[in-house]
Amino acid sequence: AAAAAADGRMLTALLAHIPRNAALQMLNARLETPLHAALAARREDNVARLAEFDAGSVLYAADLFSGNALQRCAWVADAPCMRRLLERVPPSALFARCPSGYTTLMVACLRGDLELAELLLEATADCPGRPHFLAVQSTFGQTCLHVAAMSGNEALVRRLAGAVPKGVVALRNIAGQTAAGMCGEMRMERAQLALEWAVGVT
């Protein structure tokens, strides 16, 4: 309850009575860790307090759907909280997949969240594993491009077209669709053109 409260004084007082090396893995009735509860309530200051107290809590999985705190943050579409979390963990932590098979970037794209996707692209810009991160496919063969197309956010698809490795644009999902083909079916002409341009199709 303290993690989700608007007034952070209760949380600060509770943390003062917990040993500094304690792991905040306790779960509430909704199977949320304190950090997950703060994220669900969009309490940026409490997110910062909890991540500072136990940076490892950013990586704890709390449920069978949304995954760790970075992934939960993407599901609730909260860029300010994501910035706070990334102050405590390396950007490569974003490469992990949630239980449904999506990376944090894919979750942001599925929600059509251009602001959060930009933040994640910027955060991973210098990571050695970035090309693989951008090429990950879900269990259904979807890339970040496919799920961005599914969201209907044409600006997001166009932004990703200029960021992903060229080969990612040609990847197909289990239905045999490329992201460009999906954009065509959804009449997202500018996004389709951007993807075709990325692979040299004229």
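Which helices each supply at least two residues of the lining of the largest pocket? They are α1 (9-16) and α2 (34-40), in a predicted model where local features need pLDDT of at least 70, side-chain atom pairs count only at pLDDT 80 or more, and totals for chains, interfaces and linings use all residues. Residues are numbered from 1 along each chain as its sequence is written, and side-chain values use heavy atoms, with hydrogens and water left out.

**Fold**
- The chain has 13 helices and 0 strands, where helices (H or I, at least four residues) and strands (E, at least two) are DSSP runs numbered from the N terminus.
- Its 202 residues would give a compact globule a radius of gyration near 17 Å, and the 18 Å of the chain agrees with that; the radius is taken over C-alpha atoms, and the globule rule is 2.2 Å times the number of residues to the power 0.38.

**Burial**
- Of the 202 residues, 48% count as buried, meaning under 20% relative accessible area with a 1.4 Å probe and protein chains only.

**Largest pocket**
- A pocket is an open set of points on a 1 Å grid over the protein atoms alone, where a 1.4 Å probe fits, with protein on both sides within 12 Å along at least five of seven lines, and lining residues have an atom within 4 Å of a point.
- The lining of the largest pocket consists of 16 residues, of which A1, A3, L11, M26 and P34 lie nearest its centre.
- The largest share of this lining, 3 residues, comes from α1.

How values were computed
Buried < 20%, exposed > 50% of the residue type's maximum accessible area, 1.4 Å probe, protein only.
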